Every structure is written in structure tokens, then in C-alpha cells.
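Hi everyone, thanks for making time this morning. I'd like to walk you through one model, so let me put it on the screen.

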Amino acid sequence: MSFFLKENNSIPNQMEKLEYERPIINKVNAGMPDKFGMSTRVPVMSHIEEVAIKDIMDQYGSPLYVISEPCIRNTYRQAQKAFASRYPRVQFAWSYKTNYLNAVCKIFHSEGAWAEVVSGFEYSKAVENGISGDQIIFNGPEKSKADLERAINDGAMVHLDSLDEFYFLGELAQNLNKKAKVALRINLDAGIYPQWDRFGFNLENGEAWHVLTRVMLHDYMELLGLHTHMGTYITAVSAYAIAAKKMADLAIRLFRKFNHSVKYLDLGGGFASKNTLKGAYLPGSDTCPSFDDYAEALTSALLASELPPERLPLLILECGRALVDDAGFILGRVLANKRLVDGRRATVIDVGVNMLFTSFWYEHDVLPTRLKSEQTENTTIYGPLCMNIDVIREAVQFPLLQRGDAVVIPRIGAYNMTQWMQFIKLRPPVLLIDEDRKVHLIRKQETYEQFNAMETIPEHLKT
Amino acid sequence: MKKTKYHIAVTGLNNTDNPGPGIPVIRGLRESKDFDVRIIGLAYENLEPGIYMPDMVDKAYQIPYPSSGMNTLLKRIEYIHSKERLDVIIPNFDAELYTFIQARERLQKIGIQTFLPTMDQFEERQKANLSQYGEKYGVKVPFSKTITHRRDIEQLKDSFEYPLLVKGKFYDAYLAYSAEQVNSFFNRISAKWGMPVIIQEFIRGTEVNVIALGDGLGNTVGAVPMRKQYITDKGKAWGGITIQNDKMMELTRDLIRKTKWQGGMELELIKTNKNEYYLIEINPRIPAWVYLAVASGQNLPEALVKLALGLNPPPFSNYEVGKMFIRYSYDLIGDISQFGNLSVSGEM
Amino acid sequence: MKLKRNIAISENGFLFNPETGDSFLLNPIAREIVNFLKEGNDVADVKQLLFDRYEVDLVTLEKNLEDFLEMLQHNELLDR
């Protein structure tokens with residue numbers, strides 16, 4: 001095939017040229033839905049909070065993360081309002097593991113959120129971010145001696161996960177001659193699948209009641225609250241009503257036996273975000289309940305319970321995903337277009353699963369930042385890693401982008417900036433757009449030197 | 001006096017061997033004595049036979065699947081509305097009901113009426129909730145349990161007698177005679193439809209169905225009971241006959257009274273030898289055999305349109321017993337140019 | 001590089017291959033290319049014609065045209 005222009009045939013005149021788009025041919029599958037003829041528009045995202053994505057990428061390169069402070073604050077206020085307008089005493093605790101970039105945590109804290117941490121590392125971050133011990137909820141299966149001693153001394157809320165931990169904490173508190181402030185993590189059947197039974201103590205088989213009795217009788221423990229966290233991405237709001245009722249009943253039983261009122265009920269998190277789970281028929285944006293839906297179910301159950309109105313416990317919520325997912329974006333670029341053996345298009349972008357862990361369970365939107373043509377093709381979107389698992393989207397109707405064109409992946413604020421991996425590449429920088437639309441670098445691009453500095457080479461391998 | 005002409009959009013034009021209700025609904029509407037219609041067919045797929053059948057749709061438009069999101073679907077409907085000035089939409093696919101129920105107010109705002117069950121009514125009758133449903137509304141339902149683990153299978157013998165039914169949460173049902181069979185069906189169903197898997201008491205008897213229309217206030221506007229005479233290998237009725245059965249009618253009226261059901265519905269019942277009726281499923285829409293009801297004197301699609309438009313149709317008090325339907329298939333002839341036009345423009 | 005005979009393409013970009021019964025949808029520039037090929041232009045001519053008409057750099061055009069011809073081949077629309 002010859003691909004040289006004939007030299008004698010240069011541009012004939014100065015006529016205005018037509019706008020170009022890539023030629024494409026799509027097979028019509030009889031019976032199959034055919035978006036092509038239907039002028040379904042691919043959404044374009046050219047700006048984040050009024051800041052042009054092009055400007056951001058020109059300055060900071062690609063790939064990179066962007067977080068919207070206005071979006072975090074709006075979302076938080078919606079959640080707060082949904083619950084506080086229905087129940088008199090509500091407190092959110094920011095789930096650190098969802099996103100523990102200090103700037104992000106500080107935004108939540110400035111809105112009034114406490115900290116919910118699940119390791120000594122996260123605990124230190126919370127302290128660093130200005131949270132006092134009595135506003136730290138310490139969850140999780142692993143808490144070291146040093147962690148627990150610090151928590152006892154700070155008066156943090158230690159949520160017991162196992163009987164071993166109960167004994168261990170009791171011993172430490174006795175040695176320090178201080179009362180540890182504790183709550184019991186409880187797992188229960190709220191009619192959802194899967195039922196998480198690996199954390200805390202089971203309600204239905206009596207284990208939780210048994211341990212509660214022991215906590216009540218312990219000289220060095222003060223029972224502050226009851227805690228449950230049923231699962232993740234729970235779209236059935238009815239599950240929260242069931243859980244709230246069961247927790248309220250347990251609190252009442254406790255009061256009857258010990259004349260002790262718990263200070264709080266912690267219903268955990270697990271609210272869904274608007275992302276679409278793989279295999280779901282309808283998109284998450286259609287099926288995700290609103291904060292009002294969750295709040296209505298949960299608080300109605302609490303208010304309808306026998307909890308005495310004058311002694312209603314504080315309602316604590318540990319939402320993570322639902323509060324921050326919408327606020328995060330990844331910006332990247334097209335590296336290459338390819339044609340797979342079966343004729344499908346493949347587009348390789350510089351965003352891989354190492355920085356977008358959630359692509360393993362979500363069908364993330366990948367959006368162009370500008371669009372010359374409405375045409376799309378069935379496309380597989382790959383990341384840049386030399387690993388077969390590096391797939392961002394298996395099959396998506398995707399517009400005709402060229403090498404170098406920018407793409408945005410919205411709704412990635414939860415878990416990606418904590419579960420990211422230094423794998424093959426270094427982690428990219430993170431930017432924050434503040435309420436005045438100013439852009440701040442809140443985490444620098446990692447460097448080769450930093451990573452190498454962690455390693456030492458044994459003497460015999462030197463030279 | 002000249003009759004008013006309503007512009008009515010109808011989905012479910014898949015008049016295949018597993019037919020959607022679109023075409024029978026349109027036949028009912030076209031036979032209305034009280035109004036004229038312009039029928040706008042809404043098709044998901046470019047080979048839905050209803051698009052090509054003569055004298056059924058005045059115009060057909062392709063619409064995107066609900067899986068592409070409510071906004072995408074509504075944008076398309078807004079476009080169609082701008083061309084066609086729709087008065088009512090009658091959605092007929094199970095998979096689209098959730099989206100249309102959710103979109104009710106947004107459609108109403110632009111002047112398009114629907115007449116569908118509320119989201120609560122729709123959700124509460126889901127298969128996995130059948131036991132609670134029966135208890136709440138005082139209807140006999142087969143005893144059922146949801147299981148999520150293979151280890152639960154051994155204990156089934158404590159609460160069930162074999163054979164029993166193993167069902168997926170959306171589709172599929174198998175009759176199992178032993179724990180080993182339950183095990184293999186459990187694997188098959190959970191792989192295809194996910195968790196939970198429903199275990200249901202097997203009720204021996206005859207399957208009978210009722211088509212009904214509730215006005216949303218507790219009144220039954222119409223109801224016709226039918227017995228399937230022949231069932232295809234896909235489990236669909238190929239022939240059916242209207243029957244006279246006060247028990248079924250009373251059960252239907254009672255359920256609609258208690259649930260305040262809004263819209264069309266189909267009750268699937270099993271009649272046992274002891275003359276007891278068990279509810280096995282509620283389809284929250286008009287079933288594909290609706291034209292049998294029209295032919296026996298209850299034009300339910302027409303009544304549904306009147307309800308949607310707030311016209312308060314009087315309830316039907318009667319229907320003809322012994323009316324039959326026999327389905328048949330028929331090869332329509334089309335041309336590649338029709339197919340081409342539809343594929344390119346999404347309209348025909 | 002020749003388009004198979006009998007291939008029909010409509011004004012609006014619907015292409016029907018009577019030999020196999022397959023149908024395709026083409027965007028306007030793709031339809032233009034098919035028509036150029038039908039008229040007997042060789043690939044170099046087609047490229048020149050497009051380059052003169054459209055606001056595009058040569059490398060992009062070459063890449064895209066090559067890819068498009070591969071797709072025609074893949075879909076059995078060419079006599080090679």
C-alpha cells in the first residue's frame with residue numbers, strides 16, 4: 001500500500017477546509033440496541049469547578065488527581081442536613097481509610113466531622129490534623145499495645161472487635177489505672193447479602209450480649225456506645241431501618257439490666273455512591289438512594305423504637321464513600337489507539353489500575369474533555385501498565401480520540417488515593433480546587449529518589 | 001361529535017414467540033369507542049416486529065436501554081415529545097419499569113402521563129419478598145426462604161419437603177428432588193443471577209392467571225381470570241381461555257383494595273386440589289395476553305389511558321366467559337431500506 | 001485495493017453487503033472514502049482528496065485511513 005502524497009498535487013487554493021473526524025464503520029447488529037443511530041451524546045467534561053482541565057494539565061502534566069473542595073463541602077452539608085433535620089443529635093466521623101490526604105481530612109474536620117480510624121498510622125494522622133482523642137473513633141481488627149495505650153490515655157473511643165482484644169485492652173487499662181472508653185462492634189442480620197460477620201460480635205447468637213455484660217462489669221472499661229457497620233455499597237435503605245431497630249433494642253435491654261444509657265449509637269457507613277457496579281443493569285446514578293432516603297429509614301426506626309425521647313443517644317455515622325466519591329477526578333491522556341484481532345477498538349490511556357483500584361468493581365465513566373464529533377465506537381480502554389489486568393473499561397461506546405487527547409474519569413474520590421500502588425510507575429500528584437477556584441498541590445508527584453531512599457543493599461551485593 | 005385524539009407512546013413491540021404486551025395494548029387502544037389515537041412505538045431493538053407490522057404504530061422511534069441511565073432515556077423521550085406531543089406513555093417491559101416509575105414526576109412536568117405502580121408497590125412485590133408480602137396482605141403464598149450459602153442446603157429438609165423449587169432473584173426456576181439437585185441448581189442460578197437464591201415450597205396444582213387494573217385508590221377497575229391451555233417451552237401461554245371464578249376475583253379485588261395498587265398487573269396463581277389459591281408472582285404491568293381481556297369485554301388499555309389522564313373510567317362489571325386466544329406466528333416481509341432508515345435515523 | 005462489487009451505500013451512510021447480508025453504518029467522511037473507492041480512486045488519490053478537503057495533519061490522516069481500510073478488510077468489504 002503506498003502512502004506517499006503525490007508531490008505535484010499540493011493544496012489547490014486557500015479554500016476553508018472542513019473539520020476533520022476519523023472515518024469509522026460500525027456493523028449493525030440486528031436486534032441489538034444500536035446507540036450509534038440514536039444521537040446519544042457522549043458527555044464532555046472540559047472544566048472541574050470552572051477551572052479548565054486543559055490549563056490544569058498544561059501546568060501539572062498527566063496523569064493526575066484533582067479533588068474539589070466545594071463538592072466535598074456541599075456533599076457533607078447535604079448529608080448533615082438529611083440526618084440533623086430528622087434526628088436531634090447527629091455526628092459524622094470521617095472514615096480515614098476512604099481518603100486520608102491531610103487536606104481532605106481537614107476539610108471534613110472543618111465541617112465538624114470527627115475522625116474514624118482503623119490503625120495507629122491513621123490515628124497519628126487524625127491527631128496531626130488537630131483532632132482530640134475524645135473525637136477519635138478507633139475501629140478495626142488490629143490495634144497494637146502502643147496504639148491502645150495512646151487511645152486509653154487520650155480518651156479515644158475504642159471499638160472492640162474481638163474477645164482477645166477485650167482482654168488485652170482490660171489489662172492495659174488496669175496497668176495504666178485508667179478507664180478505657182469503649183464501644184462494641186456488633187454484626188447483625190439486616191437482610192442484606194453478604195452479611196458481614198467477621199468484624200465484632202454477633203447479635204443474633206447472643207455473643208454480643210455476652211460480651212456487653214462483661215464490659216459492663218469490667219472495672220477499667222466504660223461503655224460509651226454500640227457500633228455496627230453492615231457492609232459496603234448498600235442500596236437497600238430498609239437494611240438501615242432493621243439495623244437501627246436492633247441496635248436500639250439492644251440499648252434498651254442494656255438499660256433495663258444495668259440502668260446504663262449508652263451515649264451513642266454508631267450505625268457505621270456503607271452508603272452507596274453514584275458509581276455503577278460491574279454487572280449492575282441500571283446505572284448507579286439511577287439506583288443510588290439519596291442521603292434523605294437513608295436518613296428517613298434510619299432515623300424513623302430510631303424514633304419509633306422504645307428509646308426514651310429525653311435520653312436519645314447521639315447518632316454517629318462513619319460515611320466515607322458517599323461523602324467523597326463525587327469530589328475526586330483523574331485526568332489522563334490517550335497514549336495510543338489500536339485495533340484488536342476481532343475488529344474492536346482499543347484505546348490506551350496513561351491511567352492504570354494501579355492508580356484506579358476501584359475500576360476492579362466499578363464501570364467508571366471515561367469522558368473526553370472536548371469533542372469534535374458525536375461518533376462513537378465500541379472500545380476497550382486499557383491502562384498503560386505492561387500487565388494484562390490493566391483494563392479500565394471492557395467495552396464502552398467511546399468517541400474518536402487521538403493520541404494526546406485528554407480524558408477525565410470522574411467520581412473516583414473514595415479509596416483510590418489510599419489503595420493506590422507504587423507499581424511500575426510512581427504515584428501522580430494530587431491537586432485541590434478550593435472554593436475560590438484556586439488550585440493547590442496537596443500531594444507532590446513521588447520521586448525516584450524517595451523510593452530508592454527506602455532501600456538498603458547488603459554489603460555483599462554492593463559493587 | 002368528533003373524538004379527541006390522544007398521542008400515546010407504547011413500548012414492548014417485541015411480538016416474538018415470547019411476546020411483549022405492546023401490540024395487544026395498541027390493538028386495545030385502537031378499538032376505543034371514546035377516543036382516537038396516534039400511536040408512537042418506542043423500540044429498543046431494530047427488529048422488534050411491531051415496528052414493521054402494518055396499522056399498528058403510526059411512527060416508531062428507537063430509544064436507549066434503561067441501562068444507559070434515566071437521563072439518557074429522558075433526553076430521547078423529550079426529543080420524541082418535541083416531535084409528537086405525547087399525552088401518555090405505556091411502558092411494557094419489566095426491565096424498564098424501575099426507570100419509568102422513577103421518572104414519573106419528570107415526565108409529568110413536561111405533560112406526559114403514566115399510570116404505573118408506586119416505587120413501594122413495585123419493590124414490595126419482588127420475588128425475594130414474597131413471604132412477607134403474603135403475610136402482610138393475607139394472601140396464601142408458598143413457603144419460601146432465601147439462602148446465600150451452599151451450607152444452608154443441608155438444613156432445608158427441616159423446613160421443606162422435596163421436591164422444592166430453586167429460583168433466581170430475577171428469573172429461572174428449577175424443580176429439585178434432592179439436596180444434590182438443589183446444590184447444582186444453586187450453583188447454576190447464583191452464577192447467573194447472583195445472590196440470594198430463593199427456595200420455595202412446590203405447590204401442586206393448576207396455574208391460573210388474572211389480569212387486573214387498579215385505580216391507585218383501592219378500587220379494581222377491571223379484572224379477568226384466565227387459564228392457560230397450552231404453554232410453550234419458554235413457559236409462555238400459547239392459548240388461553242377466560243374462566244368464571246369468584247374466588248380468584250375476590251382474591252384480586254381484596255389484594256388491590258389492601259395494596260391500593262395503581263396500574264396494570266398480572267397475578268400468577270396456583271390452584272390446588274383442595275381448591276386453595278396460592279399467589280406465586282405479581283407482574284407489575286399489563287401482561288401480553290391483555291387482548292383476551294379486551295375481546296371479552298374489558299378494554300383495560302383504554303381504561304388505563306383514561307386513568308392516566310384523570311378521566312375516571314367506570315369499573316367493568318362483567319366479561320365474557322369462554323373467550324379464547326390462540327397465538328400464531330406470521331412472516332412479515334420487509335425491505336433492507338426500512339431497516340437501513342431505522343438504523344441510521346432511529347426513526348421510522 | 002478495491003471495494004467489492006455490488007456494495008450499496010445510501011446517502012445517509014447505511015451500507016449493505018448483498019453478498020453476506022451484513023449492514024453497516026458509516027460516518028460522513030467514511031462514506032466519502034467508500035464512494036471515492038467505488039469511483040475507482042486508489043488509496044493515494046483518496047488520501048490526497050481528503051487532505052485537500054479536511055483540516056488534518058498528514059500523520060493523523062494516514063493512521064486513520066490505514067485503520068479504516070483495515071476495518072473494511074476485516075468486514076470483508078474489500079477485494080485485495
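This is a predicted model: local features need pLDDT of at least 70, side-chain atom pairs count only at pLDDT 80 or more; totals for chains, interfaces and linings use all residues.

S1 of chain A and strand S5 of chain C, residues 54-55, run parallel and are joined by 2 bridges.

Now let's step back to the whole contact between these chains. Chain A puts in 27 residues, and chain C puts in 30. On the chain A side, the elements that give two or more residues are strand S1, at 18-19, and strand S2, at 25-27.

Reading from the N terminus, the order is β-β-β-β-α-α-β-α-β. Chain C is as compact as a globular protein of its length, because its radius of gyration is 12 Å and the globule rule gives a close 12 Å for 80 residues. Along the principal axes, the C-alpha trace of chain C spans about 35 × 25 × 20 Å. Of the 80 residues in chain C, 36% count as buried. And if you take contacts in chain C between residues at least 6 apart in sequence, 41% of them join residues at least 24 apart.

Back to chain A, this time for its domains. The assignment gives domain 1, made of 36-66 plus 326-450, and domain 2, covering 69-325. The C-alpha centres of these two domains of chain A are 33 Å apart. Where they touch, 20 residues of domain 1 are in contact with 21 residues of domain 2. On the domain 1 side, strand S21 (430-433) and strand S22 (439-443) of chain A each supply at least two residues. S21(A) gives the most to that side, with 3 residues. By class, the domain 1 side holds 10 nonpolar, 3 polar and 7 charged residues.

Last stop, chain B. How is chain B divided? There is domain 1 (4-114 + 331-345), domain 2 (121-125 + 204-326) and domain 3 (144-201). Between the C-alpha centres of domain 2 and domain 3 of chain B there are 29 Å.

Notes:
Residues are numbered from 1 along each chain as its sequence is written. Chains are lettered from A and ligands numbered from 1 in the order in which they are written. Domain bounds come from an automatic or database domain assignment. Two residues are in contact if their C-beta atoms, placed from the backbone, lie within 7 Å. Helices (H or I, at least four residues) and strands (E, at least two) are DSSP runs, numbered from the N terminus. Two strands pair if DSSP finds at least two bridges between them. Ala, Val, Leu, Ile, Met, Phe, Trp, Tyr, Cys and Pro count as nonpolar, Asp, Glu, Lys and Arg as charged, and the others, Gly among them, as polar. The radius of gyration is taken over C-alpha atoms; the globule rule is 2.2 Å times the number of residues to the power 0.38. A residue is buried if 20 or more other C-beta atoms lie within 10 Å of its own, exposed if 12 or fewer, and partly exposed in between; C-beta atoms are placed from the backbone.
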